[in-house]
Amino acid sequence: MLYPSSKIKDHLLDLGITPDDTIFLHGDAGIALQYIYENDTDPVVGFFNEVKSYLSKGTILVPTFTYSATKGQLFDVFETPSDVGLFSEKFRLLDGVVRSHHPIFSICAFGKCSPYFISANVEDCFGEGTFFDRLYKKNVKIITLGCALERITFVHFVEQKNNIPYRYLKTFSAQVLHAGIHKKFDISYFVRDLKINTELNLSSLEREALKQNKMLVKPFGRFKARNISSKDLFQIGSQLLREDQYALVRAFDS
C-alpha cells in the first residue's frame, strides 16, 4: 500500500513529535518508499522535505558516521560520505543541512538548534561536551523509523557513563579537513573489547521502557517506529546496568 506524502505529518504527530521538537532520527531509506510524492522524484529527498516542513520550528539531527579516524583516513567534512546508509547520505546532501566535524561520529543537522549540536566536542566520542552529551542535556527525542532499536548509538553514552566492563577508552589519530583547513588531533573512543564476545541487545531496555510508559511505539505506515527521550533512555539504561553490567548486550562464550 502506498500513502500520499501528506500522511508523513500525520505519522509524525501520532508518534508524539511536535513542530518545535528536536529529534535524533535513525531510519532506513525503505521508510520513504511507501509514499507518493507530488514534487520530488527522489523518495528519500521527498520524505525529508516533508519532515523539514513539519518540524518548521524544530531541529532534525541525523547520524552521518564515517569512522574515518578508526580507519586511519582523512575526514573531509564536506566530501566524506556517510558510512551508515543511503537515508543519512541523502539528508547530508540537502540544502540547508550542516555537518559536525567529528571524524568518527559526525552528525548532520537542520533547524534552529543546529549550531549547538554541530559545535560539540570532537576530541571524544561519548564524554563531556560531545554531541551525545548534548543530546542528553537537551533531552532530545530519539526516533527509530523502520530499524532496530540497536541502531541507537546514544546507548554507548549510557555505557560509558556507567563504566561497563566490555568496552574501554582507546585513542585514535584523527585528520579533519574543513574549508581548506587541515587539522590533526587525538580522539578518545569507548570501543568494544574484542576479547569479550558481546553484541548489543536492547530488548530488556525496550521492555522496561514500555513498562514505565517511557517509549512510544507506533506504526509509521507499514513500518514500526519508536520515540524515547534521551533522559528516559539514560535513566532506564543506567538502572538496568546497575542491576546487571551486561544488561544491554548479549554475551557469547569465547
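Which residues do ring pairs link into a cluster?

## The aromatic cluster

In this predicted model, ring pairs join up Phe24, Phe65, Tyr67, Phe105, Tyr116, Phe117, Phe126, Phe131, Phe132, Phe172 and Tyr189. Counting across the structure, you get 27 aromatic pairs.

## Two pairs to look at

Start with Phe48 and Phe91, whose ring centres sit 4.8 Å apart with 50° between the planes, a tilted pair. Phe48 belongs to helix H2 and Phe91 to helix H3 (residues 86–92), so this pair ties together parts that are 43 residues apart in sequence. Both Phe48 and Phe91 are buried.

Then there's Phe65 with Tyr67: the centres are 6.2 Å apart and the planes lie at 70°, so this pair counts as edge-to-face. Phe65 is buried, at 3% relative accessible area, while Tyr67 is partly exposed at 25%.

## Lysines over rings

Two lysines are worth a click. Lys52 has its charged end over the ring of Phe110, 4.4 Å from the ring centre. Lys231 sits over the face of Tyr136, and here the distance to the ring centre is 5.5 Å.

## Helix H1 and its buried face

Helix H1 covers residues 7–14, and its buried residues are Ile8, His11 and Leu12. Looking down the H1 axis, you'd find these buried residues within an arc of 100°, so they line one face of the helix.

What covers them? Among the elements over the buried residues of H1 are strand S1 (3–4), strand S3 (35–36), helix H2 (43–54) and strand S12 (215–220). After H1 comes Gly16, with a positive phi near 85°.

How values were computed: Residues numbered from 1 in each chain as written. Predicted model: local features only at pLDDT ≥ 70, side-chain atom pairs only at ≥ 80, totals over all residues. Heavy atoms only, no water. Buried < 20%, exposed > 50% of the residue type's maximum accessible area, 1.4 Å probe, protein only. Helix = DSSP H or I, 4+ residues; strand = E, 2+ residues; numbered from the N terminus. Arc of directions from axis to C-beta. Contact = heavy atoms within 4.5 Å. Phe/Tyr/Trp six-rings, centres within 6.5 Å; stacked < 30°, edge-to-face > 60°. Lys NZ or Arg CZ within 6 Å of the ring centre and 35° of its normal.
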